[in-house]
Every structure is written in structure tokens, then in C-alpha cells.
Amino acid sequence: MTAKNKTEAKRRNAEALEHLAEIQAATRAVVATGKCPECGSKLRRNLSITGWWQCEQFGSEQFRARPQEKSCQWQGFTE
């Protein structure tokens, strides 16, 4: 790998980390409201992975807070 390639790889990595930080900050802002931005339901932490948050209506019926209501797909990471 040339010096030019290394510099370019470092730049791309820095951009990716900055983008990830922006996404995490946006998710933290949503979590602070306590409400899903898509359907207005409450949020819950998924303890499988640190920082993983989901709408309480996420997933199949057995995992939703109100199985009879529509599923929501919102989820995000704060860490």
C-alpha cells in the first residue's frame, strides 16, 4: 500500500467514524424523547447489544407491546 493509499484510507475511515457519530447522536435525541419517531409508541432498550434501542412495536407479534397493533421497524444505536 502506497503512502497515498494509506492517506486515502485514513480519510475514508475518519469520514465513516464521523458519520457513525452523527447517527448515534440522532438516535440519542430520539431516545431522550422516549417516543418512536415513526409511530409514537414508547421505546425500549434491547439488552442483546449495548446501546440498542427499538420501538416497543418492533418485531413479530410475540415481541411487541401490543401484538394486535401494527409492527414498527424503528431501531437505532446510541453507542
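Buried means under 20% relative accessible area, exposed over 50%, and partly exposed in between, with a 1.4 Å probe and protein chains only. Helices (H or I, at least four residues) and strands (E, at least two) are DSSP runs, numbered from the N terminus.

This is a predicted model: local features need pLDDT of at least 70, side-chain atom pairs count only at pLDDT 80 or more, and totals for chains, interfaces and linings use all residues. Residues are numbered from 1 along each chain as its sequence is written, and side-chain values use heavy atoms, with hydrogens and water left out.

Now the sheet. Three strands form an open sheet in the order E1-E2-E3, with antiparallel pairing. E1 and E3 are the edge strands, and each pairs on one side only. From one strand to the next, the twist averages 30 degrees. Two strands pair if DSSP finds at least two bridges between them. E1 and E2 pair in the antiparallel sense over four bridges. Arginine 45 stands opposite tryptophan 53 in E2. The hairpin of E1 and E2 has five residues between the strands, and glycine 51 there takes a positive phi near 85 degrees.

On the other pairing, three bridges join E2 to E3, again antiparallel. Glutamine 54 has glutamine 75 in E3 as its bridge partner. Tryptophan 52 has phenylalanine 77 in E3 as its bridge partner.

What does H1 touch as it packs on the sheet? H1 touches E1, E2 and E3, and its direction makes about 120 degrees with that of E3. Axes are lines fitted to C-alpha atoms, for helices over the stretch in contact, and angles run from 0 to 180 degrees between N-to-C directions. The helix has 31 residues, so at 1.5 Å a residue H1 should span 45 Å; its end C-alpha atoms are 46 Å apart, which agrees. The expected span is 1.5 Å times one less than the number of residues. After H1 comes glycine 34, whose phi is positive, near 80 degrees.

Which residues of H1 are buried? They are Gln24, Thr27, Val30 and Val31. The buried residues of H1 pack against strands E1 (43–46), E2 and E3 (75–77). An α-helix has 3.6 residues a turn, so residues three or four places apart point the same way. Glutamine 24 counts as buried because its relative accessible area is 15%. Setting aside residues up to four places away in sequence, glutamine 24 touches Phe77, Thr78 and Glu79. Contact here means heavy atoms within 4.5 Å.

The largest nonpolar core has eight residues in all: Val30, Val31, Cys36, Leu43, Trp53, Cys55, Cys72 and Trp74. Helix H1 (3–33) and strand E2 (52–55) are the elements that give two or more residues to this core. A nonpolar core is a set of buried Ala, Val, Leu, Ile, Met, Phe, Trp, Tyr and Cys residues joined through side-chain atoms within 4.5 Å. Tryptophan 53 touches Val31, Leu43, Arg44, Arg45, Trp74, Gln75, Gly76 and Thr78, not counting residues up to four places away in sequence.

Glutamate 56 sits in the loop between E2 and E3. Is this residue buried or exposed? Glutamate 56 counts as buried because its relative accessibility is 14%. Its side chain joins that of arginine 66 in a polar contact of 2.6 Å. A polar contact is a pair of N or O atoms within 3.5 Å; within protein, one must be able to donate a hydrogen and the other to accept it, and residues adjacent in sequence count only if both atoms are side-chain atoms. Beyond four places in sequence, glutamate 56 contacts residues including Ser41, Leu43, Phe63 and Arg66.

Methionine 1 lies in the segment before H1. This residue is exposed because its relative accessible area is 73%. Methionine 1 and threonine 27 are 26 residues apart in sequence and 36 Å apart in space, C-alpha to C-alpha.
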